[in-house]
Amino acid sequence: MIVNNEAIAKVFDTIGDVPGADSMLILDEGHNFRNFKGSRTAELIALRDKINCDDVLPMSGTPIKATPNEIVPVLLLIDKIFDMDAAKTYNSLFDIDDVSTKNVVQERFGKIIYRKRKADVLDLPKKNELVLAFQTADSDKYLLENITPVVNQRFLEI
């Protein structure tokens with residue numbers, strides 16, 4: 001099942017009890033879950049619990065942006081021992097907008113986070129631009145200078 005982060009709660013009725021041995025939760029754009037007290041984070045944890053999932057793979061191409069406590073929702077997801085009490089304690093220790101604190105935490109998480117750079121994983125072919133010329137009857141009506149007044153008039157009507 002694929003669901004976006006705004007619709008997590010809407011899938012609860014569609015999924016039954018799923019055995020944890022066959023379930024995995026893959027969280028793309030995991031950096032969007034930064035507030036451990038937020039409703040989306042609570043819904044995501046409830047989803048993990050509902051599908052009885054031990055395997056959680058959070059993914060993000062975005063590093064910790066502001067403060068080290070942004071990692072708390074992911075810790076809640078991947079470590080069932082890291083509960084709300086631990087989250088509150090961690091949050092109180094690292095809810096600091098201080099560069100040195102961020103550097104310490106990023107260094108620590110850098111040892112357990114698997115990071116791939118875009119250049120390491122993308123081997124895209126060079127772009128090719130191609131001009132296609134074709135003929136159409138009465139092509140002048142499709143020119144931007146002729147379409148603009150028509151679109152503007154229709155917009156005023158609507």
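Predicted model: local features only at pLDDT ≥ 70, side-chain atom pairs only at ≥ 80, totals over all residues.
By residue class, the lining of the second largest pocket comprises 14 nonpolar, four polar and three charged residues.

One aromatic pair was found in a search of the whole structure. The pair is edge-to-face because the ring planes of F82 and Y90 stand at 75 degrees, with the ring centres 6.2 Å apart. F82 is buried, at 14% relative accessibility, and Y90 is likewise buried, at 12%.

The salt bridges number four. In one of them, D54 and K80 are joined at an N to O distance of 3.3 Å. D54 belongs to the loop between α1 and β2 (55-58) and K80 to the loop between α2 (72-78) and α3 (84-94), so this pair ties together parts that are 26 residues apart in sequence. D54 is exposed, with a relative accessible area of 57%, whereas K80 is partly exposed at 46%.

R48 and D49 form another salt bridge, with 2.8 Å between the closest N and O atoms. Here R48 is buried, at 6% relative accessible area, while D49 is partly exposed, at 41%. A further salt bridge links R154 and E157, whose closest N and O atoms are 3.1 Å apart. Both residues lie in helix α6 (residues 144-157), three residues apart, or about one turn of the helix. R154 is partly exposed, at 47% relative accessibility.

Conventions:
Residues numbered from 1 in each chain as written. Heavy atoms only, no water. Nonpolar A, V, L, I, M, F, W, Y, C, P; charged D, E, K, R; others polar. Phe/Tyr/Trp six-rings, centres within 6.5 Å; stacked < 30°, edge-to-face > 60°. Buried < 20%, exposed > 50% of the residue type's maximum accessible area, 1.4 Å probe, protein only. Salt bridge = Lys/Arg side-chain N within 4 Å of Asp/Glu carboxyl O. Helix = DSSP H or I, 4+ residues; strand = E, 2+ residues; numbered from the N terminus.
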